[in-house]
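Open the model in your viewer and keep the selection tool at hand. We will go stop by stop.

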Amino acid sequence: MKYLKERQEYIDRYDRVTVEKCRWAEKAVTTDFVKKYAKDTDEKEMNRMADAFNNLQVWITVGEMYSKKEETINKWMKEDEDHDRFFETAKAPINIKCLTCSRDMFVSSKHLETRLNKPDRVLFMYDCTLDHIPRRAFYDNGEEWKYKKPLCVKCSALVDRVDDDTEKMWKSTSTCSNCGHIEVSEIERTVNKPADPNFEKDRARFCSETERRKYIDWMRTAHELTAILDKQKEKENNKELYDSVAKLKRLKIIELEQLLAPIFEKENYIKLQFKDPEITKDVIVPFTVHDTKQGREDRISCHDLQKLIKRTLEDTNWRLMSDGVNYRLGMLEGRLKVYEREEDIVKLISR
Ligand SMILES: [Zn+2]
Ligand SMILES: [Zn+2]
């Protein structure tokens, strides 16, 4: 018994699932369904709407199935390979003795048990060389397989079971020896399903390369679009912030000078001079100015100038740099920095 099969078998299996899903999607929305939501629409229009929904649904299914195809097939193959490996490498428990003659028994066959959400296990069948009964069976973990007698679900007494095996059905009837309760279980035999005459045709429709490509391109566009919309939404949510960003005065260096000089002079800071800007990734403009107010101490002079600059530049994209201003012999020095990129301005304002 070998679990792992040729890749083509897995492709076929996957395509069968895709075809089934798409066949369903194609008919998912009916005109009657549309009627409930679009009451005042004429019949023709409703048919068109139903078709549009279904086409979209098919398109999405085709694309989704395609995008997971490789991964799923690889997973299936890996699982089957693991079953095979486990089956081949499982060790049979040793020193199993015949219950009749106490001789060592030998392994006559082994079976793999695959269970949902539980690890695989292998059951080894043991026989005595003298064909004694009972035969014995052990799992690879050493646990002995025991036949469990069926018990009555009502009173737990032993039941008599009669099996009836027909071509279409496997039927088992258990009658309780104590209370007379009868339990019947039936399992329909999987009769070979009739061939699917439209499979290859539908497979060509739903598993074709061009349709999948279109879907993948479209999804990429959709992701990009989502990113743009998210940014837009962020702007709407922070409308006030972005409004202030828009309102901020963006000044050229000469405009900055023209703004500051008269305001400084009013407060007795004269001869404002800008030096050559330091241009790296930011633009920084050093400046000097002279304090002419009698008796203003250096500390107070610095403090006043800083306050003045802060107030004046508040609604512009310029700021005094954090090293502040220095005072020497009545001359004050400082550096001004401009914020040009929108994201920097947003940061500046939301501080
Ligand atoms: Zn024996
Ligand atoms: Zn009973």
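Strands here are DSSP E runs of at least two residues, helices are H or I runs of at least four, and both are numbered from the N terminus. This is a predicted model: local features need pLDDT of at least 70, side-chain atom pairs count only at pLDDT 80 or more, and totals for chains, interfaces and linings use all residues. Residues are numbered from 1 along each chain as its sequence is written, while chains are lettered from A and ligands numbered from 1 in the order written.

Widen to S2 (residues 118-127). S2 and S3 run antiparallel, joined by 4 bridges; pairing takes at least two DSSP bridges. Now show the open sheet, ordered S1-S2-S3. S1 (106-115) and S3 (136-139) are its edges, each with a single partner strand, so one side of each lacks a neighbour in the sheet.

Next, select H1 (residues 7-26) and H5 (residues 199-206). Their axes come within 9 Å and cross at roughly 80°. The axes are lines fitted to C-alpha atoms over the stretch in contact, with angles from 0 to 180 degrees between N-to-C directions. H1 and H5 are therefore roughly perpendicular (65 to 115 degrees). Highlight Asp15, Thr18, Val19, Cys22 and Arg23 in H1; they meet Phe199, Asp202, Arg203 and Phe206 in H5. Contact means C-beta atoms, placed from the backbone, within 7 Å.

Last stop: Leu336. Not counting residues up to four places away in sequence, Leu336 touches Leu256, Val285, Phe287, Trp318, Arg319, Leu320 and Met321.

Conventions
Two residues are in contact if their C-beta atoms, placed from the backbone, lie within 7 Å. Angles under 35 degrees count as roughly parallel, over 145 as roughly antiparallel, 65 to 115 as roughly perpendicular and the rest as oblique.
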